[in-house]
Amino acid sequence: MGYYESVKAKFDALKEKKDITVLAIESSCDETAAAVVKNGRQILSNVIASQIEIHRRFGGVVPEVASRNHTAAVGKVTDDALKQAGLRLSDIDLIAVTYGAGLLGALLVGVSYAKGLSYAAEIPLIPVSHIKGHIAANYIACPQLEPPYVCLLASGGHTALLKVEDYDSFTLLGSTQDDAAGEAFDKVARTLGLKYPGGPEIEKLALQGRPVIKFTRPLAKEDTLDFSYSGLKTAVINYVHNRAAKGEEINAADVAASFQKTAVDVLVDNAAAAVRRTKTDTLVIAGGVSANTYLREQADRAAAKYGFRAVYPPLGLCTDNAAMIASAAYFLLRSGESFAGLDLDAKATVPLGQADIT
Ligand code: KG4
Ligand code: ZN
C-alpha cells in the first residue's frame with residue numbers, strides 16, 4: 001500500500017475512534033512550537049521555543065531570521081513534545097500543522113517538517129488555520145465551552161468579531177479596517193522606547209499611570225462592530241512627538257494607560273454589543289492581546305453588567321503555541337474536514353469560513 005492509501009485508511013478509521021491524540025506543529029511567526037493534545041482539550045505536552053530575544057534587538061520580527069531559527073528548532077521541539085507526553089510518533093493518530101496565516105517562510109518550515117513526519121510514519125496530516133487555533137485555545141481553557149458563541153479575536157495580525165456557529169462554521173461580524181490591535185500596542189510601545197513585543201510592556205507601564213489623556217475613540221459615532229487602530233496609533237505618536245518638539249515633559253505611564261484604555265474599551269464595547277445582537281450568552285476572547293489584564297477585567301465587567309459569560313485562555317495559551325493548533329485539528333476532524341496531501345502549501349492569508357479575514 002502506498003502513502004496515500006495508507007493515510008486515507010487510517011484517517012477513515014479515526015472517524016470511529018473514541019480517543020484521538022494529535023501532534024501539532026506551529027511556526028507562523030516567532031515561536032517554534034509543538035504539542036500533543038488528547039481529544040482536543042487535554043494537553044499532554046506543550047513545548048515552545050521563543051525567538052523573542054533574537055528579534056528584540058531589531059524591534060520586531062525579521063522574517064528571514066525567523067525562518068532560519070525555526071529550521072534549527074523544529075526537530076528538537078517536536079522530539080521534546082513527544083518525550084514530555086511519554087509517547088512515540090507511532091502513538092500519534094493525527095499530525096496537525098499551521099499552514100497560514102503568517103510569514104510564508106516561517107510557515108513553510110513547519111509545513112515541510114510536518115509533511116516529512118507524515119510521510120515517514122504514514123500518519124494523516126491535517127492543515128490548521130492559525131486563527132482557528134487561537135479560538136480553539138479556549139476549548140482547552142474551558143472544558144464546557146461549545147458553540148455557538150461570539151469570539152473577539154485580537155492578535156498582532158488580526159482583530160475581528162466572529163460568531164462561532166459551530167466548531168468549523170464562522171460568521172464575520174466585524175473586523176479592523178486597518179491595523180490590528182496588537183500591532184497598535186507594538187507601535188505605540190516602540191514610540192515610547194519600550195521593547196518588543198509591546199503589548200506586555202504597555203500593560204506594565206500603564207499600571208503606573210492614569211488614563212488622563214483623551215485620545216479620540218476610533219469609529220465612535222458609527223453603529224458598527226468594525227475596528228480601526230491606525231488613527232489611534234497616529235494620535236498617540238503625534239502626541240509624543242509634538243510634546244518632545246516643544247521640549248515638554250512626557251508622562252509615558254499616562255500615555256500607556258490612556259492608549260490602553262482607548263484601545264481596549266473599543267474591543268470590549270463592540271464585543272458586548274455583538275453578544276447582545278446575536279443573542280448568545282458567551283464571549284470568548286482569543287489571540288495575543290487576550291493576555292491583557294485590563295482587557296480581561298473589562299470583559300468580566302461587561303459580562304456581569306449584561307449577563308453573559310466571558311471566557312479567555314490562561315496566559316500561556318493566549319500567545320502563539322501548538323496546543324491550540326492540536327485542539328483545532330481535533331474539532332476539524334470531528335467536523336468532517338478532510339486530510340491534506342503532500343502538496344499542502346503554506347499561505348500568508350487564510351479564509352475563515354464565510355469570513356475572509358487577512
Ligand atoms: O497571537 P500572537 O502571539 O501572535 C499573532 O498571531 O499575531 O499575538 C501577538 C500580539 C503582539 O502584538 C503583542 O504585543 C500582543 O499580542 N500582546 C499583548 C499582550 N501580550 C501580547 N497586547 C496587549 N497586552 C498584552 N499583555
Ligand atoms: Zn497568533
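How many bridges join strand 4 to strand 5, and do they run parallel or antiparallel?

Mentor: Five bridges join strand 4 (residues 94–100) to strand 5, and the two run parallel. Strands here are DSSP runs of E with at least two residues, and helices are runs of H or I with at least four, numbered from the N terminus. Two strands pair if DSSP finds at least two bridges between them.

This is a predicted model: local features need pLDDT of at least 70, side-chain atom pairs count only at pLDDT 80 or more, and totals for chains, interfaces and linings use all residues. Residues are numbered from 1 along each chain as its sequence is written, chains are lettered from A and ligands numbered from 1 in the order in which they are written, and side-chain values use heavy atoms, leaving out hydrogens and water.

Now the pair in its setting. Gly100 stands opposite Ser129 in strand 5. The sheet is open and has five strands, in the order 3-2-1-4-5. Its pairing is mixed. Strand 3 (42–50) and strand 5 (125–129) stand at the edges. Each has a single partner strand, so one side of each lacks a neighbour in the sheet. From one strand to the next, the twist averages 20°.

Then the packing. Helix 5 (residues 130–141) packs on the sheet. Helix 5 touches strand 1 (21–26), strand 3, strand 4 and strand 5; contact means heavy atoms within 4.5 Å. The direction of helix 5 makes about 95° with that of strand 5. Such angles run from 0 to 180 degrees between N-to-C directions, with axes fitted to C-alpha atoms, for helices over the stretch in contact.
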